[in-house]
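I opened this entry to record what I looked up, one element at a time.

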Amino acid sequence: MSVGKPTDWGEWKALERHHAEIADLHLRDLFAREADRGTRLSLEALDLYFDFSKNRLTDETLRLLRALAVKADLKRGIDAMFSGEKINFTEKRAVLHTALRAPRDAVIRVDGENVVPGVHAVIDKMADFANRVRSGAWKGHTGKRIKNVINIGIGGSDLGPAMAYEALRKFSERSMTFHFVSNVDATDFAEAVQGLDPAETLFIVSSKTFTTLETLANAHTARSWALDALKDEKAIAKHFVAVSTNAKEVSKFGIDTENMFEFWDWVGGRYSYDSAIGLSLVIAVGPDRFREMLAGFHAMDEHFRTAPIEKNLPVTLGLIGLWYNDFFGAQTQSILPYNQYLWRLTAYLQQLDMESNGKSTDRDGNPITDYQTGPIVWGQPGTNGQHAYYQLIHQGTKLIPCDFIGFSKASNALGEHHELLMANCLAQTEALAFGKTAEQVRAEGVAEDEVPHRTFRGNHPTNTILVKNELTPHILGQIIALYEHKVFTQGWIWRINSFDQWGVELGKVLAKRIIPELQSKEPPKLAHDSSTNRLIELFRKYRDA
């Protein structure tokens with residue numbers, strides 16, 4: 001395994017020298033001198049066509065980036081993850097979200113135990129439960145059929161299933177409603193249950209430890225809301241199920257542990273919606289569609305595991321992102337899906353990328369001071385984004401690499417809508433790459449004093465992921481796994497642990513100290529800094545006025 005700082009490696013230094021040579025090279029010139037660039041700099045795998053020709057790179061760039069991946073021993077890292085080694089070393093855990101979608105006959109061992117049979121036992125249990133809810137065989141306490149499902153979780157226990165439900169809404173059971181409550185702000189819960197009948201509502205409480213502050217606050221509020229109407233503690237067993245590993249706390253809450261769905265400590269929250277955390281999704285789209293999605297995940301897993309570096313989609317996507325992040329100094333990455341069903345995708349990828357690679361300590365415990373790790377991820381679906389922030393991408397002062405995701409077939413074929421949508425997708429990548437010169441603007445008869453304002457410098461890098469079909473469960477699995485493994489590729493080369501999230505914890509600890517200080521009627525103890533002390537005083541004053 002490669003050791004030391006990446007910036008000390010000869011391969012990194014070679015990329016620095018190469019960047020100095022080509023940094024000012026324009027995409028107009030690259031395309032002018034390479035007639036086959038648009039077809040040559042592309043890859044295909046499964047249902048995805050990946051065009052990376054509109055990037056500020058050459059064949060030599062790709063050669064040097066791949067050499068960097070070899071130096072980092074990326075193949076060794078991939079093998080370690082897939083084999084169940086405890087590469088999450090700060091928590092002494094394996095990293096095996098790939099096991100969640102492995103076929104039944106696979107063998108993946110953690111501490112000597114094949115975990116695959118346990119995974120499929122949970123999937124089968126989820127499928128049986130979902131079928132009972134969907135068919136009406138599972139009834140609420142009063143005998144009414146369940147019509148509303150509310151997932152209560154936060155972070156990976158919310159973003160994943162919420163994103164996937166929206167992405168696959170076309171395939172969902174439309175006689176039922178699905179809601180996702182995560183924010184401890186009471187408004188989130190209040191709006192989710194507005195107009196719902198408690199007798200027809202099922203809550204899924206998703207918390208590995210069953211102690212997460214926000215989730216438990218919402219779960220207890222849901223419990224009170226249900227009991228206010230149903231008047232019987234026994235109703236809890238019919239209107240609440242849990243996704244957790246803490247049977248004691250689940251039982252204490254009143255949920256029958258027979259209706260507790262297990263997952264494992266080798267699944268990180270942001271990688272977990274294809275586990276029992278996705279129970280709401282299984283109910284929404286049905287077990288068969290859920291398994292199709294798992295198969296899409298697995299297909300991309302196998303591509304990532306077996307494809308050589310030069311043919312590997314996630315590796316190539318990761319290397320290109322690293323090129324801009326560390327050599328051009330780009331600090332953000334925009335993800336732009338041209339599909340309304342994917343309106344929650346970027347929010348999901350924010351957590352996947354920023355919680356995974358938002359680290360400043362390397363695997364040896366040393367501070368990272370001379371290179372950047374994870375980018376800031378942002379974006380929203382086209383064409384909405386075009387009328388919001390594309391102006392900054394086109395003519396602003398920042399370099400913002402963009403991923404465009406488009407689909408060859410419409411999810412809903414209405415008139416010429418899909419061609420209009422995809423024309424915008426393709427036009428934006430062309431405009432970003434080539435811009436519009438002052439000469440072109442003048443040729444249109446524009447007044448000279450306006451020419452600078454209507455000139456587009458271009459040379460803005462983009463990737464285009466063109467899906468060969470419409471958005472399906474199988475394709476969603478491919479896309480999510482593509483980005484999971486892109487994040488792994490970058491984190492491994494940066495020599496960080498992409499699978500812990502200690503940065504999330506400090507604020508939680510301090511919040512637990514402040515809660516009783518906000519609730520107390522006694523004079524505040526003023527145990528914090530002067531700013532926090534004053535804000536506590538003012539909050540209490542304004543609240544009680």
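I began with helix α20, residues 473–494, which lies across β2, β10, β12 and β13. I read its angle to β12 as about 170 degrees. I note that this is a predicted model.

I found an open sheet of six strands with mixed pairing, in the order β1-β2-β13-β12-β10-β11. Which strands stand at the edges? I found β1 (42–45) and β11 there; each has a single partner strand, so one side of each is left without a neighbour in the sheet. From one strand to the next, I get an average twist of 15 degrees.

β10 covers residues 332–337 and runs parallel to β11, with three bridges joining the two. I picked out S334, whose bridge partner in β11 is W378. I also looked at helix α14 (residues 313–328), which packs on the sheet. I see α14 touching β1, β2 (48–51), β12 (402–407) and β13 (462–467). Its direction makes about 30 degrees with that of β2.

**α13 against α20**

I went back to α20 for its helix partner. Two packed helices are described by the angle between their axes and the distance between the axes. I looked up both values for α13 (residues 287–306) and α20: the axes come within 7 Å and cross at roughly 40 degrees. Left-handed or right-handed? I recorded the crossing of α13 and α20 as right-handed.

I listed the residues in contact. From α13 I have R289, E292, M293, A295, G296, F297, A299, M300, D301 and F304. They meet P473, H474, L476, G477, Q478, I480, A481, L482, E484, H485, F488 and T489 in α20. By class, I count 12 nonpolar, six polar and four charged residues in the contact of α13 with α20.

**The five-stranded sheet**

I turned to the other sheet on my list. Five strands form an open sheet, ordered β6-β5-β7-β8-β9, and the pairing is parallel. I marked β6 (177–181) and β9 (260–261) as the edges; each has a single partner strand, so one side of each lacks a neighbour in the sheet.

Inside this sheet I followed β7 (residues 201–206) to β8 (residues 240–243). I found four bridges between β7 and β8, in the parallel sense. One pair I noted is F203 with its bridge partner F240 in β8.

I checked the helices on this sheet too. Helix α8, residues 186–193, packs on the sheet and touches β5, β6 and β7. Its direction makes about 170 degrees with that of β6. Helix α7 (residues 156–167) lies across β5 (148–152), β6 and β7. I noted about 150 degrees between α7 and β6.

**Backbone checks**

I looked for positive phi in residues other than glycine. F210 has phi near 60 degrees. I placed F210 in the loop between β7 and α9 (213–230). Buried or exposed? F210 is buried, at a relative accessible area of 2%.

D73 also went into my notes, with phi near 60 degrees. I found D73 in the loop between α4 (59–71) and α5 (74–83). D73 is partly exposed, with a relative accessible area of 25%.

I ended with a peptide bond. From G382 to T383 the bond is cis, with omega near 10 degrees. I located T383 in the loop between β11 (376–378) and α16 (390–395).

Notes. Residues numbered from 1 in each chain as written. Predicted model: local features only at pLDDT ≥ 70, side-chain atom pairs only at ≥ 80, totals over all residues. Heavy atoms only, no water. Pairing = 2+ DSSP bridges. Contact = heavy atoms within 4.5 Å. Axes fitted to C-alpha atoms, helices over the stretch in contact; angles between N-to-C directions. Buried < 20%, exposed > 50% of the residue type's maximum accessible area, 1.4 Å probe, protein only. Left-handed = near helix turned anticlockwise from the far one by under 90°. Nonpolar A, V, L, I, M, F, W, Y, C, P; charged D, E, K, R; others polar.
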